[in-house]
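Student: I have a model open and want to learn how to read it. Where do we begin?

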Amino acid sequence: MHSSGAGVDGARGVLAVDSTAPGAAPRGLDAFRRGWETQIGDDVFQLPAFSPDTIGDFRVKGNVAKVHGAAIADLHAASATRTADAPGGDQDLVAMYVVQRGAWTLGGPPGRGEQTVPAGQFLVRHVGRLTAFETTAHLTAKFLVLPPGELKPLLGNRVITGPADSAEIRLLTALTDMIHTTVADLGPAGVEATHGALIELAKAVAKGRFDDVEPRLAPALTQAAKDLADRRLADPELSPAMLARELNVSVRTLHRAFAAAGEQVATYIRHRRLQEARLALTAPSGRLSISELAAHWQFADSSHFTRTFKKHYGQTPTEYARSTGAVSPSPNRHLPGHGPAESA
């Protein structure tokens with residue numbers, strides 16, 4: 001387990017634990033609990049008592065960040081977990097579950113039954129008392145604990161569920177990823193700004209929409225667009241308009257968010273495609289021809305790809321491949337293992 005201390009104002013803490021590593025069991029839960037109590041604190045969320053089976057086989061890898069009264073946990077559980085039947089304990093918080101793999105089943109208030117959050121879904125609700133829960137093995141999920149002040153009035157007694165790929169959850173995911181990367185280095189002003197953006201996006205999830213001109217959300221919008229672009233780099237439909245549509249904002253808003261960081265959407269897409277093409281030039285086997293690379297990464301033709309590559313890297317694709325010791329790809333010749341090459 002690795003952890004870094006909270007700031008002097010108790011505003012932030014970082015916890016990383018891996019009880020899936022060889023030799024970590026059977027004391028994995030003890031390490032996680034100690035780290036949580038030291039770095040995150042029971043004032044944010046009180047860890048419940050777990051079942052004997054969970055205690056004996058707790059194989060979880062997690063990163064947790066605390067920002068003021070909020071905690072964000074990225075969890076990867078190899079083992080199933082289950083709380084004791086009656087965990088008890090009063091709480092006053094908003095909990096959000098975003099499940100990418102596996103399932104998380106939550107006990108409800110008296111008379112309201114269980115609720116299961118399957119892969120690809122999220123759930124957010126106000127929690128007034130600790131309730132039982134269980135997770136499947138091979139779970140990948142985000143768990144957010146948020147202060148109730150601005151969120152409880154929006155939720156009331158409602159439980160809000162929806163797809164994990166909604167625009168609001170994509171932005172929230174991008175923000176939480178940035179928090180994990182930067183929280184240990186944030187000063188007081190950064191912590192305050194980050195906390196405000198987190199609450200603003202949690203409110204957006206509760207309302208099903210977000211304020212796309214809120215300046216605090218520009219970094220999250222930019223990162224969410226980059227994450228989406230990275231997954232669609234080979235898609236011929238990838239464009240600022242497509243990204244804006246997927247993130248439920250106007251193209252103007254997307255451009256404005258990138259401009260705040262001194263970037264342009266189209267330039268980011270082009271540079272990322274060039275980076276992937278450069279990696280492909282040195283692939284150990286199954287290397288594509290220049291024209292195949294141009295077509296795959298959505299350049300107009302091999303000549304356009306070559307000019308753009310040389311402008312960015314100072315070498316043509318063939319010169320770059322030769323300088324790295326790789327076999328130089330032919331501009332048009334089909335290489336073994338691929339379909340017919342496209343002519344320039």
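**Reading the fold**

Tutor: Begin with contacts, meaning heavy atoms within 4.5 Å. Residues 24 or more positions apart account for 71% of the contacts in the protein with a separation of 6 or more. This is a predicted model, where local features need pLDDT of at least 70, side-chain atom pairs count only at pLDDT 80 or more, and totals for chains, interfaces and linings use all residues. Residues are numbered from 1 along each chain as its sequence is written, and side-chain values use heavy atoms, with hydrogens and water left out.

Student: How many helices and strands does the protein have?

Tutor: Helices (H or I, at least four residues) and strands (E, at least two) are DSSP runs, numbered from the N terminus. Here they come to 12 helices and 12 strands.

Student: What percentage of the residues is buried?

Tutor: Buried means under 20% relative accessible area, exposed over 50%, and partly exposed in between, with a 1.4 Å probe and protein chains only. Of the 344 residues in the protein, 47% are buried.

Student: Now aromatics. How many aromatic pairs are there?

Tutor: Rings of Phe, Tyr and Trp (its six-membered ring) pair if their centres lie within 6.5 Å; planes under 30 degrees apart count as stacked, over 60 as edge-to-face and the rest as tilted. By this rule there are 15 aromatic pairs. Take tryptophan 36 and phenylalanine 45: their pair is edge-to-face, with 6.2 Å centre to centre and 75° between the planes.

Student: Are those two residues buried or exposed?

Tutor: Tryptophan 36 is buried, at a relative accessible area of 2%. Phenylalanine 45 is buried too, at 9%. Both belong to one aromatic cluster, formed by Phe32, Trp36, Phe45, Phe50, Phe58, Tyr97, Trp104, Phe133 and Phe143.

Student: How do I read two packed helices, say H4 and H6?

Tutor: Helix H4 (residues 167–182) packs on helix H6 (residues 218–231) at an angle of about 100°, with the axes 8 Å apart. H4 is therefore roughly perpendicular to H6. On that scale, under 35 degrees is roughly parallel, over 145 roughly antiparallel, 65 to 115 roughly perpendicular and the rest oblique.

Student: Which residues of H4 and H6 meet?

Tutor: From H4 come Arg170, Leu171, Ala174, Leu175 and Met178; from H6 come Pro219, Ala220, Leu221, Gln223, Ala224, Asp227, Leu228 and Arg231. The residues of this contact of H4 with H6 divide into 9 nonpolar, 1 polar and 3 charged. Ala, Val, Leu, Ile, Met, Phe, Trp, Tyr, Cys and Pro count as nonpolar, Asp, Glu, Lys and Arg as charged, and the others, Gly among them, as polar.

Student: Why does spacing along a helix matter for which way residues point?

Tutor: An α-helix has 3.6 residues a turn, so residues three or four places apart point the same way. In H4, the buried residues include Leu171, Ala174 and Leu175.

Student: What span does H4 reach?

Tutor: The expected span of a helix is 1.5 Å times one less than its number of residues. H4 has 16 residues and reaches 23 Å from its first C-alpha to its last, close to the 22 Å expected.

Student: At what angle do H9 and H11 pack?

Tutor: Helix H9 (residues 265–281) and H11 pack at about 95°, with their axes 11 Å apart. They are therefore roughly perpendicular to each other. H9 brings Arg270, His271, Leu274, Gln275, Ala277, Arg278 and Leu281, while H11 brings Phe305, Thr308, Phe309, His312 and Tyr313. This contact of H9 with H11 divides into 6 nonpolar, 4 polar and 2 charged residues.

Student: Which elements do the buried residues of H9 pack against?

Tutor: They pack against H6, helix H7 (240–246), helix H8 (251–260), H10, H11 and helix H12 (317–323). Among the buried residues of H9 are Leu274, Ala277 and Leu281.

Student: Let's finish with single residues. Where is lysine 203?

Tutor: Lysine 203 is in helix H5 (residues 188–207). At 15% relative accessibility, lysine 203 counts as buried. Not counting residues up to four places away in sequence, lysine 203 touches Glu150, Leu151 and Leu154.

Student: And where is histidine 68?

Tutor: Histidine 68 lies in the loop between strand E3 (60–67) and strand E4 (70–77). Its phi is near 55°, a positive value in a residue other than glycine. Histidine 68 is partly exposed, at 26% relative accessibility.

How values were computed:
Axes fitted to C-alpha atoms, helices over the stretch in contact; angles between N-to-C directions.
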